[in-house]
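Thanks for coming, everyone. Please look at the model on the screen, and I'll walk you through a few parts.

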Amino acid sequence: MTRFLPVLSLIACLPAVQPLLAQPGSVDPMWNPIDVGYGSGEGATSGFGILTLAIQPDGKVVAGGSFTEYNTTNRNRIVRLNTDGSVDHTFDPGAGANWDVGALVLQPDGNILVGGDFMNFHGRQHLLRLQPNGQADNAFVPGNAPDQPVHAITLRADGKVMVAGQFNNIGGTYRPQVARLNSDGSPDLTFDAGLGTDMYVSDIVVQADDKVIIAGPF
């Protein structure tokens with residue numbers, strides 16, 4: 001004799017059905033949707049692409065690297081993206097940098113500190129500060145620029161700036177590989193790491209107690 005399970009009993013025997021949700025770390029197809037493959041809105045192109053990112057409080061993303069265009073828009077080594085991943089045309093860096101941008105830090109006032117290997121970015125080399133519209137902030141770094149690349153930048157709570165890289169001199173002052181700058185970009189002469197390191201510094205962090213950690217191949 002054929003017997004049938006009641007519907008409710010049959011449902012109770014089935015495994016629980018979980019909703020299909022995107023897992024953490026999966027690609028968000030709604031961000032930069034025009035990037036559908038090589039040759040079609042392919043994001044940053046040429047060189048090593050994007051080397052550094054900074055996210056603004058409004059969700060826009062500033063990206064730096066070795067690229068010369070982003071989604072077919074000419075952008076030399078720096079670009080700002082809207083929250084959907086499209087190029088933000090209100091951010092105009094002009095001719096941009098002539099070589100890699102490797103460090104970006106957002107300041108609380110919306111200005112952007114930029115470091116890298118470049119020898120010319122708005123007439124500056126290795127370090128400058130941009131206004132929120134992408135133009136150079138002429139009030140920053142009034143003295144001599146770093147003589148070699150800047151690889152890392154971080155802010156202190158008091159508004160001073162820590163920079164690290166391959167340089168020996170910055171602002172006309174001997175500060176090998178690590179320096180602390182005042183808020184206007186001039187060297188803070190009260191910070192002196194002596195002879196520095198025997199090779200470049202690739203990263204720098206300021207602890208809550210104001211002590212500084214550096215890292216690199218030295």
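In strand β4, E69 is the bridge partner of T45. Strands here are DSSP E runs of at least two residues, numbered from the N terminus. A word on the source: this is a predicted model, where local features need pLDDT of at least 70, side-chain atom pairs count only at pLDDT 80 or more, and totals for chains, interfaces and linings use all residues. Residues are numbered from 1 along each chain as its sequence is written, and side-chain values use heavy atoms, leaving out hydrogens and water.

Back to the strands. β1 and β4 (residues 69–70) run antiparallel, joined by two bridges. Two strands pair if DSSP finds at least two bridges between them. The order β1-β4-β5 makes an open sheet of three strands, with antiparallel pairing. β1 (44–45) and β5 (73–74) each have a single partner strand, so one side of each lacks a neighbour in the sheet.

Now the cores. A nonpolar core is a set of buried Ala, Val, Leu, Ile, Met, Phe, Trp, Tyr and Cys residues joined through side-chain atoms within 4.5 Å. Buried means under 20% relative accessible area, with a 1.4 Å probe and protein chains only. The largest nonpolar core has 15 residues, and I78 and L104 are among those with the most contacts inside it. β7 (101–106), β8 (112–116) and β9 (127–130) each supply at least two residues of this core. β7 gives the most, with three residues. Apart from this core lies another, of 14 residues, including I153 and F167.

Definitions and conventions:
Helix = DSSP H or I, 4+ residues; strand = E, 2+ residues; numbered from the N terminus. Buried < 20%, exposed > 50% of the residue type's maximum accessible area, 1.4 Å probe, protein only.
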